[in-house]
Amino acid sequence: EGGLRVLGSPVGTPTFCSSFIADALHAALAPAPLLPKLADTPATFGMLLRCLHPRASYLARTYAPTEDLLPHLRTFDVSIRDTFSSLLGPGSSLSSPWLHRQLTLPISQGGFGLVSIESIAPLAFLGSWAAAFSLLADRFLVEDRPFLLSSLTEIEEGSLLFQVHLR
């Protein structure tokens, strides 16, 4: 009540959206406690990186980075880090800044590729929105369509909600 799910993202009241996001990220992390029980460590790391981690990335691209989303993404990032730490074995910790940096570096730069979803959420949303808007603008932007023209003005002024949050 108070909203609906559209292509896997919430649309509705802030309460509905916050609850939806919390539930979606909780469901994404449901398999995490099972990963340390798997015998194949490389496959386990692959499942963490390629199956669990991207589910939050999708929300970051499709939902504006507001107070509804960011705290949930922060919790998700901590859970991913804790799961990774548990895969390293008993007593392991990622408290060292060097280890944390290694974890979040892209694979192409020698890291594990588990970038903080909270930290990339504003740019992920902006990139997704810009790509979608450019496709729409090419097809629908004409002089007699004030909605799209006013949106273009808001972008140029930097007054859209996610642009304000980026400041």
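**Exercise 1.** Determine how helix 1 (residues 14-29) and helix 3 are oriented to each other in this predicted model.

*Solution.* Two packed helices are described by the angle between their axes and the distance between the axes. Helix 1 and helix 3 pack at an angle of about 10°, and their axes are 10 Å apart. Angles under 35 degrees count as roughly parallel. Helix 1 and helix 3 are therefore roughly parallel to each other. On the side of helix 1, the residues that meet helix 3 are Ser-18, Ile-21, Ala-22, Leu-25, Ala-28 and Leu-29; their counterparts in helix 3 are His-72, Leu-73, Phe-76, Ser-79 and Ile-80. Sorted by class, this contact has eight nonpolar, three polar and no charged residues.

**Exercise 2.** Carry out the corresponding analysis for helix 2 (residues 41-62) and helix 3 (residues 70-88).

*Solution.* The two axes come within 11 Å and cross at roughly 180°. An angle over 145 degrees counts as roughly antiparallel, so helix 2 is roughly antiparallel to helix 3. Helix 2 contributes Thr-44, Phe-45, Leu-48, Leu-52, His-53, Ala-56 and Ala-60 to the contact, and helix 3 contributes Leu-73, Phe-76, Ile-80, Thr-83, Phe-84, Leu-87 and Leu-88. By class, the contact has eleven nonpolar, three polar and no charged residues.

**Exercise 3.** In which sense do strand 1 (residues 3-6) and strand 2 (residues 9-12) pair, and over how many bridges?

*Solution.* The pairing is antiparallel and extends over four bridges.

Note on methods
Residues are numbered from 1 along each chain as its sequence is written. This is a predicted model: local features need pLDDT of at least 70, side-chain atom pairs count only at pLDDT 80 or more; totals for chains, interfaces and linings use all residues. Side-chain values use heavy atoms; hydrogens and water are left out. Axes are lines fitted to C-alpha atoms, for helices over the stretch in contact, and angles run from 0 to 180 degrees between N-to-C directions. Helices (H or I, at least four residues) and strands (E, at least two) are DSSP runs, numbered from the N terminus. Angles under 35 degrees count as roughly parallel, over 145 as roughly antiparallel, 65 to 115 as roughly perpendicular and the rest as oblique. Contact means heavy atoms within 4.5 Å. Ala, Val, Leu, Ile, Met, Phe, Trp, Tyr, Cys and Pro count as nonpolar, Asp, Glu, Lys and Arg as charged, and the others, Gly among them, as polar. Two strands pair if DSSP finds at least two bridges between them.
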